[in-house]
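Reader: I would like to learn how to read a few features of a protein model. Please take them one at a time.

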Amino acid sequence: MQKIPEMDNLGFYDMDADYLMDGSLPEDLSDVDLSDIPEDVLEQLMADYFDNEYGDNEYGDPYDYDYQPGPPPELDYLEHFKACGLPTLQQGIQIISPILLCSICVRLLAGTGAPKVLVHLLSLGMGVVCLYLFFQSSLHYLLTFSLLGYSLLFLLDQTGYPRKGAASAVLCLLYLVTLELFVAEPTEWHKVRGAQMILAMKVISVGFDLDSGLIAEFPSVLEYFGYCFCVGSVIFGPWTSFKSYLNATSSTTVNFRWILSGLFSFALSMLCLLLSTCFSSVLFMNTEYKWLHAYRDALSFRTSHYFISYTSEASATLVGFGETRVDNKISWNFPVARPWKVELPRSLGEVVVSWNLLMHNWLKTYVYKSSRSLGQFPAILFTFMASAMLHGLNFQLAAVLISLALLSYIEFGLRKKLSSAFSACISSRACKPECGHQYQRFNPAVLVLNLLFGALAIFHLAYLGVMFDTDSELQEEGYDMQHTLSKWAHLDYASHYVAIATFAFYWLI
């Protein structure tokens, strides 16, 4: 018998068969011959049975096909929190706490003034332990990758080759593509892909920083592997430069602000996890409007990203990143994302920057500036393509990132023209106070136009984020082209049509 998922979730198929029989039918039907009973008599017997069992209950007569169900029962938020919120929090704490504890251990050792060799060794060891807890047998992909990266950089440094960054980028691309297409199982690779991306960004950045002289001396084995497997960034990120890693492990500052900053980021990560898992699931329950459902699904994906961002912020802070000194006062500030600028955006360009501040910095430093000679639009497109390649050979991510690049570029160009034509602060980026425009940001017309462009950005985000649903089977192996196109087709490809119309208007003016 094929089970209905909704009924199975309610435990319908686990009900005791004797309870359903209720003694009104023979206990053993194997010896009963029903072939001689007329069909109309059988139907009447079943109708009487359901009348007796369910006729007066709240679900109505099951044989009354004209029955119209009433409104769904109101959600009991307290019960929903007990059923969803508490288990989610418990599981989230169980998963994240080992990383945070290992990060604290590294920081405490550095705070004692221990030899840097021991600090790097502990950073490496704790990172490998956490990787094993998360990925187990897939750990060897990361270990092999880091060994190949160090071997290549060492050989190039010994031979005096001047373009170590480009060579390390080619190595990373070949390694990731080979594994994804020919070696790793899709389910296994999908789990470890995020950690592979962070590791690739670290290896490439070391190569470019050696070329530019930002890293004066070639890293030792322990420095390199301590950086690559730093427990504060090895699983969820964020990307950090090699120089910032050395500064974090060299500092001996340990104070109350440090632990408070890390725990505050962790609390925000748990809040975002609740929003993604429990809040979004009950949002717009009583409506069938597809765009509200699209916004809900996209919001669930975005809040799950904020969960990762704040988790990485917490682990990086607890390792020692983000220490700042102002007037002999030490504070800790290591932002990874700005969710408020994504949820209430001024423009899509602001969304791109605020989504992941450190990855944006990496792409701008090592990709965009390197390809700027090709022209602004080719450099932007190349940057987004590089981001897509780092995320893996996934049509969904590539389609979203390239669409976002085109939408951002069109919006940037249109608003730049309008800002110049009307001398108004309506460009994609907020103007500085001394911009010289006739109509400043608090002008009513300027406020209305910026709000309209912000609403358009929210519309595009709902469209682009709708395919990041929570289908477990698709999530385990990654989303394919058919999934992406079906999601956009359900929304009539509206965002792309709006983009074409916006570009036509931009070209005409």
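Reader: Which hand does the link of Cys84 and Cys278 have about the S-S bond?

Author: This is a predicted model. The link of Cys84 and Cys278 is left-handed, with -90° about the S-S bond. The two sulfurs lie 2.0 Å from each other.

Reader: Where in the chain are Cys84 and Cys278?

Author: The pair links distant parts of the chain, 194 residues apart. Cys84 belongs to helix α4 (residues 77-111), and Cys278 to helix α11 (residues 256-279). Both cysteines are buried.

Reader: Why is Cys105 too far from Cys102 for a bond?

Author: A disulfide needs the two sulfur atoms within 2.5 Å. The cysteine sulfur closest to that of Cys105 is in Cys102, at 6.1 Å, so a bond is ruled out by distance. The count for the model comes to one disulfide.

Reader: How are two packed helices described?

Author: Two values are used, the angle between the axes and the distance between the axes. Here the axes of helix α18 (residues 444-465) and helix α21 (residues 494-508) come within 9 Å and cross at roughly 140°. The two helices are therefore oblique to each other.

Reader: Which residues make the contact of α18 and α21?

Author: From α18 they are Leu456, Phe459, His460 and Tyr463, and from α21 they are Ala494, Ser495, His496 and Val498. Five of the contact residues are nonpolar, three are polar and none is charged.

Reader: What happens to side chains along a regular strand?

Author: They alternate between the two faces of the sheet. In this model, strand β1 (residues 323-326) and strand β2 (residues 329-332) run antiparallel and are joined by four bridges. Thr324 stands opposite Ser331 in β2. Two residues sit between the strands of this hairpin, and Asp327 takes a positive phi near 55° there.

Reader: What is the phi of Ser423, and what is that of Asp492?

Author: Ser423 has a positive phi near 50°, and Asp492 has a positive phi of about 60°. Neither residue is a glycine. Ser423 lies in the loop between α17 (395-422) and α18, whereas Asp492 is in the loop between α20 (481-490) and α21. Ser423 is partly exposed at 22% relative accessible area, and Asp492 is partly exposed at 45%.

Reader: Is the peptide bond from Gly237 to Pro238 cis or trans?

Author: That bond is cis, with omega near 5°. Pro238 lies in the loop between α9 (221-228) and α10 (242-250).

Notes: Residues are numbered from 1 along each chain as its sequence is written. This is a predicted model: local features need pLDDT of at least 70, side-chain atom pairs count only at pLDDT 80 or more; totals for chains, interfaces and linings use all residues. Side-chain values use heavy atoms; hydrogens and water are left out. Buried means under 20% relative accessible area, exposed over 50%, partly exposed in between (1.4 Å probe, protein chains only). Axes are lines fitted to C-alpha atoms, for helices over the stretch in contact, and angles run from 0 to 180 degrees between N-to-C directions. Angles under 35 degrees count as roughly parallel, over 145 as roughly antiparallel, 65 to 115 as roughly perpendicular and the rest as oblique. Contact means heavy atoms within 4.5 Å. Ala, Val, Leu, Ile, Met, Phe, Trp, Tyr, Cys and Pro count as nonpolar, Asp, Glu, Lys and Arg as charged, and the others, Gly among them, as polar. Two strands pair if DSSP finds at least two bridges between them.
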